[in-house]
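Hi there,

Here is the structure I promised to pass on. Please open it alongside this note, and I will walk you through what turned up.

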Amino acid sequence: MIERLQVSYLRNLSQVDLSSAACNVIIGVNGSGKTSLLEAIFLLSRGKSFRHYQPKRYIQHHKDSTTVHARLTDNSTLAIQKQADATTLLRLNQTTVYNQSILTEQLPTLLIDPSTMDMLEQGSASRRQLLDWLVFHMKQGFHSQWVAYQRLLKQRNSLLKKTNHLSHVQLAELKSWDKGLSNHAALIHHYREQVFTEWQPYFAKSITQLLPAYADQLSLSYNAGYDTSVGLDVQLNERLEQDLQLGYTRIGNHRADIHVHWRSSDSTRAKSSNKEVDVILRDELNHKLPILKEQAANVLSRGEKKLLITALRLSQLPLLLNNEMVTKLANSDIQTRMTPVVLLDDITAELDSRAIKILLTTLARLPCQVFMTSLTDDVVPLVKELWSNPKTFHVKHGQIYLT
């Protein structure tokens with residue numbers, strides 16, 4: 001858990017130094033800097049911002065770099081410095097490290113913010129990252145395989161973009177890369193599939209809490225991005241001509257996706273406003289209609305989709321924590337227990353009061369740390385009911401005050 005957080009020159013946060021609690025509420029008007037505080041924590045954990053990928057966009061104007069430093073409750077320290085040209089300096093316990101994953105392992109963060117509320121309609125990347133966040137923290141061998149796969153994929157795509165016709169030397173090189181991609185892909189899929197299977201009952205429980213009316217109709221599925229019954233190298237060879245024409249690799253782990261499906265029932269179909277379905281119902285009143293299966297995003301309302309996405313993210317925490325406890329018991333030499341940090345940005349604007357209460361009640365029962373932002377202090381009474389000794393901060397023009 002973060003005990004002390006220091007931020008320098010990130011957006012309008014010039015110099016921030018605060019001591020945090022298990023639950024922290026940051027209140028301020030739009031543009032005051034409250035989201036920037038969450039951004040700083042996310043940057044420390046992930047090595048990137050959730051608002052913009054270019055450091056020069058979040059480094060304060062006329063400054064060369066931004067720095068985020070945190071001391072955890074076990075007295076370990078983490079720090080990151082980002083320069084405008086994206087040069088990055090990482091430190092763990094005052095020692096320079098060269099891999100962001102080292103800090104990520106120490107400080108797992110889960111973000112729920114307005115920008116994530118469209119992930120059902122967006123491309124597969126955000127949904128794939130949702131699964132990979134879990135796999136990274138649960139499967140020790142995943143990250144090295146993922147890095148190696150990405151390196152080979154980048155080399156392959158670079159070659160595909162250069163030419164439509166490969167020389168014998170280039171073709172031999174490509175086949176060597178494809179064999180390596182296939183080996184890495186099999187392991188990555190194995191890790192993802194294992195974690196996905198473990199995740200499903202937690203998701204089902206979360207849906208029962210947040211969307212009880214649809215508890216029996218919503219389900220998850222995982223698509224590997226290629227036919228896992230055949231080696232990826234074989235499939236890449238079969239599609240080589242098309243990949244050369246397009247200039248990129250169309251199948252593989254980088255195309256994996258998670259889908260949320262909605263299965264109809266006779267009763268919900270009867271309530272549908274779809275004219276075609278209504279016609280069928282009138283014509284076949286005495287016949288049982290087949291169950292339909294489609295993407296949940298095409299059926300649920302905007303508010304229901306917000307609850308669904310919240311359920312997806314919220315269901316990851318107990319799984320992660322339960323898995324970490326199993327690992328701890330199996331490895332008695334492990335002395336510390338990681339504490340996930342949950343970042344809730346302007347959540348009161350995205351969810352109704354019932355959903356907020358369920359969300360915060362669930363979080364209060366888990367050994368995690370929470371930082372949440374709000375335009376008003378309406379959520380503070382509920383927070384004080386659920387957490388002992390929470391902290392409330394007010395942000396004004398980049399200055400943060402404990403109240």
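Which residues does Ser101 touch, not counting residues up to four places away in sequence? They are Phe136 and His143. Please keep in mind that this is a predicted model. Ser101 itself sits in helix α3, which covers residues 100-106. With a relative accessible area of 9%, Ser101 is under the 20% cut-off, so it counts as buried.

Next, have a look at the loop between β3 (23-27) and α1 (34-46), where you will find Val29. Gly31 is in the loop between β3 and α1 as well. Val29 counts as exposed because its relative accessibility is 57%, and Gly31, at 73%, is exposed too. Leaving aside residues up to four places away in sequence, Val29 touches Lys34 and Leu375. An unreviewed UniProt entry places a "binding site" feature at Gly28, Val29, Asn30, Gly31, Ser32, Gly33, Lys34 and Thr35.

Finally, there is a helix pair to look at. Helix α6 (residues 168-210) packs with helix α11 (residues 302-314) at an angle of about 140°, and their axes are 8 Å apart. That angle makes α6 oblique to α11, and the crossing of the two is right-handed. On the α6 side, the contact is made by Trp199, Phe203, Ser206, Ile207 and Leu210; α11 brings Leu307, Leu308, Thr310, Ala311, Leu312 and Leu314. Sorted by type, the residues of this contact are nine nonpolar, two polar and no charged.

Best wishes

Conventions. Residues are numbered from 1 along each chain as its sequence is written. This is a predicted model: local features need pLDDT of at least 70, side-chain atom pairs count only at pLDDT 80 or more; totals for chains, interfaces and linings use all residues. Side-chain values use heavy atoms; hydrogens and water are left out. Helices (H or I, at least four residues) and strands (E, at least two) are DSSP runs, numbered from the N terminus. Buried means under 20% relative accessible area, exposed over 50%, partly exposed in between (1.4 Å probe, protein chains only). Contact means heavy atoms within 4.5 Å. Axes are lines fitted to C-alpha atoms, for helices over the stretch in contact, and angles run from 0 to 180 degrees between N-to-C directions. Angles under 35 degrees count as roughly parallel, over 145 as roughly antiparallel, 65 to 115 as roughly perpendicular and the rest as oblique. A crossing is left-handed if the near helix is turned anticlockwise from the far one by less than a right angle, and right-handed if clockwise. Ala, Val, Leu, Ile, Met, Phe, Trp, Tyr, Cys and Pro count as nonpolar, Asp, Glu, Lys and Arg as charged, and the others, Gly among them, as polar. UniProt positions are given in the numbering used here, feature names are shortened, and annotations may be inferred rather than shown by experiment.
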